[in-house]
Amino acid sequence: MKKGLPPKKGYARYAGEYDEKEKFWDSFEKDYLKPYIESAKDKKVLDAGAGTGRLSLRLHKAGAEVTSLDISPEMLILLGQKNSEIEVVEGDMEAMPFEDDSFDMVFSSLALVHLKKIDVFLDECYRVLKDDGKLVLVNIHYRKPLVLHDGQGRYTIQCYNHFPRHVRKAAEELAFGVEKEIMVTEGDDVWVSQILILKK
Ligand SMILES: C[S@@+](CC[C@H](N)C(=O)[O-])C[C@H]1O[C@@H](n2cnc3c(N)ncnc32)[C@H](O)[C@@H]1O
């Protein structure tokens, strides 16, 4: 895939339009996250790479105490305008500004695709999760680059497709247990996304 803008720059340009594609973003998850969102009630939850809050808002509605982390202040401002009870934190998923053992659950959807390496982020999730905590991870497959355009012209945002078996292996090597793996596919063999439920 052609190299695009680093996510911080890319989402600064794209933030205002992100929510217009909510149905497209939802299509990577279908309804598979629902039971996990519901199970987050009364839990301390991190949404890593939260964007404008597509999942954070659902988690908050389900009764979770939500912290939303993102590298893009422009995306987080939009999230904050929708719900002021959610704590928003600007920061990097690969160097999270949180203490060890801080969260009962970490959710991360559609964001791993922007990281070149899988293991640094997974290691950070392991660190910030409490014992027995869960990571709900959505690893998506862009079959073609998402070409965006605005007044300044056409652009893409850096993406790295990660093979499902590599993500699973990296998680297992970091001592996560795989509670469940769901493959969302189109046709017989084209994968759309991998949903992993991982246990510390
Ligand atoms: C496609 S959006 C997904 C937003 C949201 N999770 C959702 O499911 O709608 C990807 C988000 O990941 C964020 N992101 C990319 N790289 C990041 C990093 N290293 N640390 C934190 N956030 C990052 C982007 O700024 C963007 O808001």
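User: Where does the ligand sit?

Analyst: In the largest pocket. Keep in mind that this is a predicted model.

User: OK. Which residues come nearest to the ligand?

Analyst: Tyr18, Gly49, Arg54, Asp70 and Ser109. They belong to a set of 19 residues around the ligand.

User: What is the make-up of that shell by class?

Analyst: It has 10 nonpolar residues, 6 polar ones and 3 charged ones.

User: And which element gives the largest share of the shell?

Analyst: Helix 1, residues 7-18. It supplies 3 residues.

User: What about the ligand nitrogen side? Which side chain has an N or O atom 2.9 Å from a nitrogen atom of the ligand?

Analyst: That is Asp92. The backbone takes part in this list too: a polar backbone atom of Ile71 is 3.2 Å from a nitrogen atom of the ligand.

User: How much of the ligand's accessible area does the protein cover?

Analyst: 98%. On its own, the ligand has 600 Å² of accessible area.

User: Switching topic. Where is Gly187?

Analyst: In the loop between strand 8 (177-186) and strand 9 (190-199).

User: Is Gly187 buried or exposed?

Analyst: Exposed. Its relative accessibility is 63%, and the cut-off for exposed is over 50%, so Gly187 falls in that class.

User: How far apart are Gly187 and Gly53 in space?

Analyst: 30 Å, C-alpha to C-alpha. In sequence, Gly187 and Gly53 are 134 residues apart.

Key: Residues numbered from 1 in each chain as written. Predicted model: local features only at pLDDT ≥ 70, side-chain atom pairs only at ≥ 80, totals over all residues. Heavy atoms only, no water. Near = heavy atom within 4 Å. Polar contact = N/O pair within 3.5 Å; in protein donor to acceptor, adjacent residues only side chain to side chain. Areas by Shrake-Rupley, 256 points an atom, 1.4 Å probe, with all protein chains shown as cover. 1 Å grid on protein atoms, 1.4 Å probe; cavity = no way out; pocket = protein on both sides within 12 Å on 5 of 7 lines; lining within 4 Å. Sits in = over half its atoms within 2 Å of the grid points. Helix = DSSP H or I, 4+ residues; strand = E, 2+ residues; numbered from the N terminus. Nonpolar A, V, L, I, M, F, W, Y, C, P; charged D, E, K, R; others polar. Buried < 20%, exposed > 50% of the residue type's maximum accessible area, 1.4 Å probe, protein only.
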